[in-house]
Amino acid sequence: MGSGYELARAVEQLIHSGHARIDVWKMTPRQMAAWMQLAMRRKFGEQVQLLSLMRAARSDDRHFQTFLRKLRDESQ
Amino acid sequence: MVSLLDIADQQKTVTIRDKDVAVFGISAQDIVYLFGKFPELRLLMSGKQADLTPETLLKLAPGAVAAAIAAGTGSAGDENAEAVAARLGLGEQLDLLAAIFELTFPQGVGPFVAKLDALGLLKSADDASGWAQDMSSPAPSSS
């Protein structure tokens, strides 16, 4: 499959990530790769956060309440 | 590691015949224009052929050189600009292409293709083996 496909996938990925279509088409491949790498890192960070929450939810009630209270305190 | 310079709009200046020429990276829409005009570029950029460098571009798709230089100097599709670029000497074309490539691709085309591959963007949906597939749920048991 030629690189036109890969470029199209990169364009789609960036638009899906929230970049304006007109901005994406003006990006160079260098910029596209950099934005995708940053998005990937953010995504992995979110996955770590999600896994942490899932693990906390599976702990006993006392630990879960402590975790929840800590989150609430930090969010104030 | 991605730096601020990778996401910023950048330009370089290349001196040709004592004149400063502003050089930019080639945008996705200009690459699409080049693909339409020179289909051989698609194979070059797919990573299945020799890595795309200014030298391989000159060797494998010489017709695309002037158009790429025109695109990289802000005049994509401008036939006059392409004609001027076509009349430049080989060394001058290589100097311009080197700057254009540096601004267009992250450390050459190879790493760009490798990065897309690492992100699972070079795989078809059927044979994807990247992160997305790893996150999919197993098929339900039939028992």
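Modeller: Helices (H or I, at least four residues) and strands (E, at least two) are DSSP runs, numbered from the N terminus. This is a predicted model, where local features need pLDDT of at least 70, side-chain atom pairs count only at pLDDT 80 or more, and totals for chains, interfaces and linings use all residues. Residues are numbered from 1 along each chain as its sequence is written, while chains are lettered from A and ligands numbered from 1 in the order in which they are written.

Colleague: How many helices and strands are there in chain A?

Modeller: Chain A has four helices and zero strands.

Colleague: And what is the average pLDDT of chain A?

Modeller: The average is 87, and 96% of the residues score at least 70. pLDDT is the predictor's confidence in each residue, from 0 to 100.

Colleague: Which element of chain A has the lowest mean pLDDT?

Modeller: That is helix H1 (residues 3-16) of chain A, with 84, whereas helix H2 (residues 21-25) of chain A has the highest, 95.

Colleague: Switching to chain B, at what angle do H2(B) and H5(B) pack?

Modeller: About 165°, with their axes 11 Å apart. Axes are lines fitted to C-alpha atoms, for helices over the stretch in contact, and angles run from 0 to 180 degrees between N-to-C directions. H2(B) and H5(B) are therefore roughly antiparallel to each other (under 35 degrees counts as roughly parallel, over 145 as roughly antiparallel, 65 to 115 as roughly perpendicular and the rest as oblique).

Colleague: Which residues of H2(B) make the contact?

Modeller: B:Asp30, B:Leu34 and B:Lys37, which meet B:Ala64, B:Ala67, B:Ala68 and B:Ala71 of H5(B). Two residues are in contact if their C-beta atoms, placed from the backbone, lie within 7 Å.
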